[in-house]
Amino acid sequence: MGPMAFDAHFLKTLEALNLLARRTVVGDDRAERRTPRKGASIEFADYRRYVPGDEIRYIDWNVYARHGSLFVKEFSAEENVHAAILLDVSRSMDFGGKFQAARELAAAVGYIGLANYDTVSLHAFDGELRVLQPFLRGKSRIFDLLTSLETILPGGATDMRSAFRGGLPRLRGRSLVLILTDFYDLAGYPEAIRTLLARRFEVHVIHVVAHEELLPTARGRFNLLDLETGRARDVSLLPRTVEAYRQRFGRFCQEVEQFSRAHEVTYARVLADDPLDRRVIEVLRAGGILEHR
Amino acid sequence: MTFDHPQGLWLLALGVPIIVFHFYKGRVRKMPVPTLLFWEQIIVEEERRTALRKLRHWASLLLCLCALTLLTSAVAGPEVKGLSRVKRRYALILDGSAGMAAVEEGGRTRGALAVERARAFARSLGHGDQVSIQDASGSRVPFTADLEGAARRVALPPVSPRADVREAAAAARAAGDDVVAVLFTDRPPGEAGDLLESGKLRVARVGTPRPNVGWTSGVSSRRPGEKRITLSLVLSSFSEVEEGREVVLSFNGKPLRREAVRLKPGERTERSWVLDPSVFPGEKIEEGGRASVSLEPEDALAVDDVASFVVPSLVPPTVIVFHAGKPDSLLMVALTTLQSGGVVHEVLLAPPEEYDRMREQLGEGWIMVFDRVAPPARLGQGGYLILGAPGPRSVERPTIVDWDRDAAPNRLVDYAGVLLRRSRILDGPPLILAIEGPVAVGSARGGQAVVEVGFALEDSEYLKPALPIFLFNFVEWAAYRGLRSFRTEYRVGDPLRPERPLWIDEGELVFERADRADRVPVRRGRPASTPAAEAGFVRARVAERAEWIAVNLFDADASDLRERPESPPGLPLPPAAPWHARIPYAAAAVAVVVALLLLEWSLFMRGVV
């Protein structure tokens with residue numbers, strides 16, 4: 001795996017982005033994100049009638065002078081978001097540069113979160129979920145994130161259902177969850193995502209696809225080896241065979257996307273062969289995951 | 001089994017890389033995929049085709065090896081006894097005799113029909129057969145398997161005397177015993193019965209028997225001193241019915257006289273006409289020209305309907321004697337005698353230094369005699385007699401041992417026993433030969449005739465009685481015929497070969513006919529080639545000088561277009577090869593191989609292996 005290097009220009013671009021929470025989520029620490037909780041920021045939120053016990057300093061005396069009733073001003077609190085990045089490290093990701101592409105995206109998203117004083121945690125999953133970096137905060141922790149990403153290697157078979165069921169309790173509270181995967185757990189991914197949603201996580205998925213996976217160019221007789229299961233099959237890659245595969249794979253992508261849309265899960269599909277900035281743009285274009293600050 | 005090109009069998013070695021490539025392309029390569037799930041859903045149908053694929057895999061190898069075998073056989077050219085079609089070689093002989101110019105119904109000549117038939121025959125042969133084309137003139141297209149190209153090269157042969165069929169067939173079959181000669185002619189050969197019976201000679205006959213009337217011989221004559229020309233001709237009928245024609249006498253293309261003539265079946269009649277300037281005043285017959293006697297209207301064979309003649313000038317030449325001091329009395333007596341006999345127009349005397357001044361006025365019709373004086377270094381056009389000119393290599397009492405009896409100046413002159421006191425020994429074609437060498441030489445080329453005698457008349461006692469005859473001969477010869485390079489008359493088909501060197505050494509000779517001109521380069525005074533003579537007048541032009549030539553058929557055998565006694569029928573022409581025998585096997589094999597390889601490559605590129 002090549003090192004992940006972001007140039008200064010690209011970093012500036014990342015810093016101009018923000019992790020987008022469709023639902024306003026509640027964080028633990030103050031940050032640069034509004035929350036439903038009224039807080040002590042300088043941004044005015046609303047008025048409400050004074051009730052005993054309210055702090056006198058929030059009474060708006062100008063309103064009292066005009067109307068003769070006591071109203072207290074409420075301010076929106078700016079709190080941080082906990083962004084949990086779930087990186088698929090199954091063997092199927094070790095194809096066509098998918099894993100490298102996913103790692104780079106994880107790093108980019110993580111940097112965006114850290115730059116916005118959000119709490120970022122990095123998790124790897126295949127058959128189980130492993131915490132690589134819990135609760136990073138601040139831009140200076142990006143190196144911890146990168147180190148973890150660079151040291152991790154793909155291995156194991158995808159089982160999203162058991163991974164998310166068993167590992168999720170270890171996540172703290174209600175978080176924004178970003179899953180980077182190729183979804184090669186066709187039977188398990190719906191239930192896995194539903195599990196996350198049930199726990200009121202805001203789920204975003206980035207479907208990483210390799211070009212060779214989307215449009216195979218090889219022709220001839222091949223012994224196809226399943227990277228995850230190790231099973232092998234002989235097949236003649238004829239044009240019609242490849243076309244049938246292409247249609248089947250397209251249908252699979254559509255199914256994943258439709259499932260995501262149906263469950264209000266943000267879905268973005270990126271091509272592993274595209275350059276990183278292009279991939280980030282694709283994620284932006286998908287909407288719901290990143291936004292300009 | 002034998003092979004035309006056994007070295008082509010090396011191509012079979014290509015089988016090794018073909019087999020290697022076949023198994024290379026058919027090998028199963030490993031390819032990791034992220035999941036087999038989708039592939040397994042679609043390769044179920046693929047697996048059902050495995051048997052077919054295996055069959056296709058081996059069929060592909062079989063096809064490639066078949067293609068290689070096909071290609072090898074195309075190159076090696078196998079010959080399998082009983083299976084392969086025997087390749088033949090045919091020599092196409094086109095009869096170029098005058099009779100082939102006869103016009104058949106439909107307006108086409110027998111020659112044109114023969115060409116068409118020969119082309120059709122060449123195109124009907126099978127692939128691998130070879131043909132060569134030849135005609136009686138000796139022109140030959142070598143054996144070639146390019147039948148279409150050979151068919152295109154079949155052309156009307158030049159008119160030539162009727163060839164000896166046996167000789168032509170032998171020449172054609174010189175390439176090998178397998179060669180079959182095919183003669184395209186209007187007349188079955190009568191002298192090649194054995195060849196016909198053995199099938200080595202086949203005859204393709206063109207044309208049908210036809211009646212004909214034509215001139216079968218003719219001659220123009222003039223007695224010395226006479227100022228008229230007599231044309232004597234023989235007219236023959238080769239018809240079974242009485243024929244009527246009109247005979248037209250023309251001079252330089254202008255009709256002078258017409259008369260009707262009727263010929264009974266097979267009749268042969270002699271006719272003569274006199275071209276007398278006094279009878280046809282104003283026609284300038286005395287200046288010479290072209291006379292023709294033609295039959296009207298033309299019949300099927302036009303070439304024997306016209307008899308052509310080149311008439312020499314009837315004006316006797318002027319003789320100038322260049323001498324120092326007093327001319328030889330015997331010479332003057334002889335010349336005066338010739339003048340009185342009308343052989344010489346005038347005898348003039350002049351000192352040798354006058355030659356250069358007079359040169360501009362002298363032409364071909366003049367004869368110059370240098371009596372004991374040296375001639376100028378460069379002689380121009382005209383006749384020259386040089387008698388006893390001073391010079392080196394002089395010998396005393398040379399003994400004459402021989403002379404050229406066929407040379408025109410020596411006609412009827414006997415030099416036996418002639419004693420010479422002294423003479424120079426000369427260089428050149430000898431007219432009179434002494435032990436010591438030539439004492440008289442003669443040479444002629446276009447426009448110039450020279451006789452040089454190495455001794456003076458006064459030094460020869462015994463030549464004196466023969467001198468008038470010698471001078472008569474010389475004047476008659478040098479005034480006209482000695483100045484020509486070509487004869488005045490040729491027979492149809494004769495090569496137009498000059499008898500003497502042309503007027504120039506290097507340049508171009510042009511044979512001008514009514515409808516075309518043939519240009520022939522000249523090297524060392526000789527034409528590089530000699531076209532065959534065709535009936536009519538031909539103007540041979542070299543630089544500023546021209547000579548008319550008359551060409552006549554005068555061949556009763558060629559003019560007779562009637563049916564002749566049948567010769568042995570011989571074997572018929574070989575039948576046309578079937579369509580599949582005409583396909584070039586090698587080309588077809590290579591095309592199939594290329595198509596197969598392209599198909600294989602295409603399938604390989606598309607993943608079908």
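**Strand β16 (residues 318-323) of chain B runs parallel to β18(B), joined by six bridges.** This is a predicted model, where local features need pLDDT of at least 70, side-chain atom pairs count only at pLDDT 80 or more, and totals for chains, interfaces and linings use all residues. Residues are numbered from 1 along each chain as its sequence is written, while chains are lettered from A and ligands numbered from 1 in the order in which they are written. Helices (H or I, at least four residues) and strands (E, at least two) are DSSP runs, numbered from the N terminus. Two strands pair if DSSP finds at least two bridges between them. Look for B:F322, whose bridge partner in β18(B) is B:F370. On to β19 (residues 382-387) of chain B: five bridges tie this strand to β18(B), again in parallel. B:F370 turns up here too, with B:I386 as its bridge partner in β19(B).

**Strand β18 (residues 366-371) of chain B is largely enclosed by the rest of the structure, because six of its six residues are buried.** A residue is buried if 20 or more other C-beta atoms lie within 10 Å of its own, exposed if 12 or fewer, and partly exposed in between, with C-beta atoms placed from the backbone. Both faces of the strand are covered. One side has B:W366, B:M368 and B:F370, and the other has B:I367, B:V369 and B:D371.

**B:G447 sits in the loop between β24 (437-445) and β25 (448-453) of chain B.** This glycine is buried, since 22 other C-beta atoms lie within 10 Å. B:G380 is 67 residues away from B:G447 in sequence, yet their C-alpha atoms are 8.2 Å apart in space. Leaving out residues up to four places away in sequence, B:G447 touches B:E364, B:Q381, B:L483, B:W503 and B:R545. Two residues are in contact if their C-beta atoms, placed from the backbone, lie within 7 Å.

**Four strands of chain B make an open sheet in the order β12-β11-β14-β15, with antiparallel pairing.** At the edges stand β12 (254-263) and β15 (306-311), each with a single partner strand, so one side of each is left without a neighbour in the sheet. Neighbouring strands are turned by 15 degrees against each other on average, direction ignored. Axes are lines fitted to C-alpha atoms, for helices over the stretch in contact, and angles run from 0 to 180 degrees between N-to-C directions. Zoom in on β11 (residues 243-251) and β14 (residues 289-296) of chain B, which pair in the antiparallel sense over six bridges. There, B:V248 stands opposite B:S294 in β14(B).

**Helix α8 (residues 329-340) of chain B crosses helix α10 (residues 467-479) of chain B at roughly 55 degrees, their axes coming within 9 Å.** That makes α8(B) oblique to α10(B); angles under 35 degrees count as roughly parallel, over 145 as roughly antiparallel, 65 to 115 as roughly perpendicular and the rest as oblique. The crossing is right-handed, the near helix being turned clockwise from the far one by less than a right angle (left-handed if anticlockwise). From α8(B), the contact uses B:L330, B:A334, B:L335, B:T337 and B:L338; from α10(B), it uses B:L467, B:P468, B:L471, B:F472 and B:V475. Sorted by class, that gives nine nonpolar, one polar and no charged residues. Ala, Val, Leu, Ile, Met, Phe, Trp, Tyr, Cys and Pro count as nonpolar, Asp, Glu, Lys and Arg as charged, and the others, Gly among them, as polar.

**Over in chain A, helices α3 (residues 98-115) and α4 (residues 142-151) cross at roughly 165 degrees, with axes that come within 10 Å.** That makes α3(A) roughly antiparallel to α4(A). Their crossing is right-handed. On α3(A), the contact residues are A:R103, A:A106, A:A107, A:G110, A:Y111 and A:L114, and on α4(A) they are A:I142, A:L145, A:L146 and A:L149. By class, the contact has eight nonpolar, one polar and one charged residues.

**Where the two chains meet, 31 residues of chain A are in contact with 23 residues of chain B.** β9 (220-226), β10 (232-237) and α8 (239-262) of chain A each supply at least two residues of the chain A side. That side has 16 nonpolar, five polar and 10 charged residues. A:L225 stands opposite B:P32 in β2(B).
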